[in-house]
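Please look over the sequence and the model below.

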Amino acid sequence: MTANGRTSTAPDVADVVALGESMVTFLPSRPGRLADVPSFDRAIGGAESNVACVLAAAGHSVRWVGRVGADGFGDHLVEAIGGYGVDVRAVRRDPARPTGIYFRTAGDRATDAHEVAYYRAGSAASAMSAGTMDLDAIRSGRILHLSGITPALSADCLGLTRELTARRPGRPLVSFDVNHRPGLWRDAGHGHGPEVLLELARGADLVFVGDDEARDAWGLDGPEAVRAALPEPELLVVKQGATGATAFHGAPGPSGADQVTSVPALHVDVVAAVGAGDAFAAGFLSATLRDLPVRDRLRHGHLMAAAALTVPGDLATPPARDHADRLAALDDTAWGRLRLGPGWTQDGERPGDRTGEGADEEVRTP
């Protein structure tokens with residue numbers, strides 16, 4: 001039984017538990033304004049469930065915990081996410097609230113022409129709280145992965161996230177992806193987004209944040225400024241887009257300074273700039289579970305992001321573990337020459353694909 005008297009649906013320990021809202025996504029059948037697109041294809045979307053799906057596809061035991069409507073869209077989400085090998089037994093069904101959905105255009109999300117129409121207000125996920133969710137199942141992983149999207153959904157969701165990021169003995173390692181979404185907070189009415197996100201990040205053990213969102217949310221410019229504002233997490237990863245990523249980690253020395261590891265991003269033939277942030281987090285968490293050095297964790301993050309960038313949708317087939325390990329082990333010169341294109345995750349043994357240790361020429365896959 002759980003602390004609140006309910007039977008725990010998933011008491012066994014998983015590598016990672018990811019909590020958050022997943023929605024049904026409608027992708028346009030052709031480019032153009034939403035007003036002009038005649039039909040859409042159905043998919044799934046959600047930062048935390050994306051991370052869960054990538055980790056499961058990479059061979060980890062993963063549980064997604066969320067709340068969906070007792071409707072057909074909820075059925076689709078549970079079945080689709082479960083189809084990736086994710087444990088969905090702790091997902092709650094809400095008979096009174098619908099599953100969230102959204103529509104988006106086919107264009108790059110970074111352009112002004114990109115449109116997204118969300119229909120998530122009053123969704124089943126917005127009713128997540130410490131009283132409506134199975135806290136034992138949520139805390140049953142080696143790592144608990146959260147994001148800043150959940151606390152923006154409702155006051156109850158904020159309360160739940162505060163409960164999970166409170167520093168208590170025996171909790172799992174808490175991973176928090178800031179995921180600052182100004183539009184969600186603009187209509188939230190239960191807190192100022194930047195302040196809330198900073199508070200929650202300070203309670204986490206591992207934090208992911210983009211340098212662009214740190215600048216927009218907190219007015220911080222550069223990884224060092226972000227670390228100065230977030231000294232509490234044991235490990236802080238600042239993502240710097242096409243430049244790379246910087247991690248602050250380790251026990252501070254007498255000067256108070258901790259270790260800093262930076263890894264440049266890969267050269268990627270981008271198909272669609274969607275899903276890369278979630279994939280990066282999944283790659284980093286996968287390497288963390290294997291206790292790899294921080295440099296290799298960052299490299300696995302970049303490799304997973306490259307997999308997402310070279311497919312049209314949010315979710316991509318990750319590279320086989322031995323293939324990713326070979327690439328992550330390249331020396332700095334070979335890593336800098338690496339260029340990845342569509343299909344690169346499917347075969348790590350193609351002629352001319354020199355991914356072994358000491359490779360001294362550009363590695364390019366078609």
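Q: How many disulfides does the structure hold?
A: A disulfide is a pair of cysteine sulfur atoms within 2.5 Å. By that cut-off, the count for this predicted model is zero.

Q: Is Cys53 buried or exposed? And Cys157?
A: Buried means under 20% relative accessible area, exposed over 50%, and partly exposed in between, with a 1.4 Å probe and protein chains only. Cys53 has 1% relative accessibility, so Cys53 counts as buried. Cys157 has 0%, so Cys157 also counts as buried.

Q: Where does Gly85 lie, and is Gly85 buried or exposed?
A: Helices (H or I, at least four residues) and strands (E, at least two) are DSSP runs, numbered from the N terminus. Gly85 sits in the loop between helix H2 (72–83) and strand S6 (92–94). Its relative accessibility is 52%, so Gly85 counts as exposed.

Q: How far apart in space are Gly85 and Cys53?
A: In sequence, 32 residues separate Gly85 and Cys53. C-alpha to C-alpha, their distance in space is 7.3 Å.

Q: Which residue in S7 stands opposite Val24?
A: Two strands pair if DSSP finds at least two bridges between them. Strand S2 (residues 23–28) and strand S7 (residues 101–104) run parallel, joined by three bridges. Opposite Val24 stands Ile101.

Q: Which residue in S8 stands opposite Arg104?
A: S7 and strand S8 (residues 116–119) run antiparallel, with four bridges joining them. Opposite Arg104 stands Val116.

Q: Which pLDDT do side-chain atom pairs need?
A: Residues are numbered from 1 along each chain as its sequence is written, and side-chain values use heavy atoms, without hydrogens and water. Local features need pLDDT of at least 70, totals for chains, interfaces and linings use all residues, and side-chain atom pairs count only at pLDDT 80 or more.
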